[in-house]
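Please look at the structure shown here before reading on.

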Amino acid sequence: PPQPLMLVDLGLADFYLPGKEFNVRVASRHYKSPELLIGYEYYDYAIDMWSVGCILAGLLFRTEPFFRGVDNEDQLGRIVNCLGTRDFLPYCRKCNVRLSSKARAAIGKYCSESSSLSSSSSSSEDAPISLTNSDIGRRKPWLSYLTSDCPLPSSEATDLLDKLLVYDHEQRWTAREALSHSFFDEVRDEVWSEVQERILWESQDDRCKQDAA
């Protein structure tokens, strides 16, 4: 028989309904999506797709977790340092969320460490982050995270990352969209074959149990 499939850690599993508020104190910090970190309570299943993107990035660049924040604000700062501010602040406005001074300071810290912030914005926690600075605004190239012992990721892999690690939860790819990506072309038929084999085995097993009863 095929190996059993086990689903675990469903303590916070839920159905997400449009317009319903949910507690943002969910998910492990290193895999928290931007909407959770900024305190947006009307999130949905897209939070899980962000986590998938974090896992994929960790596997591709041999860095697990990929975003290793020491607290929620530091986690947000690391994400913005990677993905840039060009889409981040408009997303905060779209969600009608005001960043705390601690969150802004964390973002400013990482941007200034990258020599991206102007001296005025790095000297004050409450100073606005400029979107006009091209270094701050754009994403860092994925290949800039390569290390000497890290294989070169395929273009399909980094393209899928671009679809999953997206600030706006409404633009982030769904599970169905991700599974249809060319990144999975090599294994799609094999996985489907294994699923069919499992379904057939379970059907036969159920029939044997019924006959024995």
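The report takes up a pair of helices and then the cysteines in this predicted model.

## How the two helices pack

Two packed helices are described by the angle between their axes and by the distance between those axes. Here, helix H2 covers residues 46–60 and helix H8 covers residues 155–164. Their axes are 9 Å apart, and the packing angle is about 150°. Angles over 145 degrees count as roughly antiparallel, so H2 and H8 are roughly antiparallel to each other. The crossing of H2 and H8 is left-handed.

## Residues in the helix contact

On the H2 side, the contact is made by Met-49, Trp-50, Val-52, Gly-53, Leu-56, Ala-57 and Leu-60. On the H8 side, Ala-157, Leu-160, Leu-161 and Leu-164 take part. Sorted by class, the contact of H2 with H8 has 10 nonpolar residues, 1 polar residue and no charged residues.

## Cysteines and disulfides

How many disulfides does the count come to? The count is 0 disulfides, where a disulfide requires a pair of cysteine sulfur atoms within 2.5 Å.

Cys-82 is in no disulfide, and its nearest cysteine sulfur, that of Cys-54, is 9.4 Å away. Cys-82 has 1% relative accessibility and therefore counts as buried. For Cys-92, the closest cysteine sulfur is in Cys-95, at 7.1 Å, which is too far for a bond. Cys-92 also counts as buried, because its relative accessibility is 4%; the cut-off for buried is under 20%.

Terms used
Residues are numbered from 1 along each chain as its sequence is written. This is a predicted model: local features need pLDDT of at least 70, side-chain atom pairs count only at pLDDT 80 or more; totals for chains, interfaces and linings use all residues. Side-chain values use heavy atoms; hydrogens and water are left out. Axes are lines fitted to C-alpha atoms, for helices over the stretch in contact, and angles run from 0 to 180 degrees between N-to-C directions. Helices (H or I, at least four residues) and strands (E, at least two) are DSSP runs, numbered from the N terminus. Angles under 35 degrees count as roughly parallel, over 145 as roughly antiparallel, 65 to 115 as roughly perpendicular and the rest as oblique. A crossing is left-handed if the near helix is turned anticlockwise from the far one by less than a right angle, and right-handed if clockwise. Contact means heavy atoms within 4.5 Å. Ala, Val, Leu, Ile, Met, Phe, Trp, Tyr, Cys and Pro count as nonpolar, Asp, Glu, Lys and Arg as charged, and the others, Gly among them, as polar. Buried means under 20% relative accessible area, exposed over 50%, partly exposed in between (1.4 Å probe, protein chains only).
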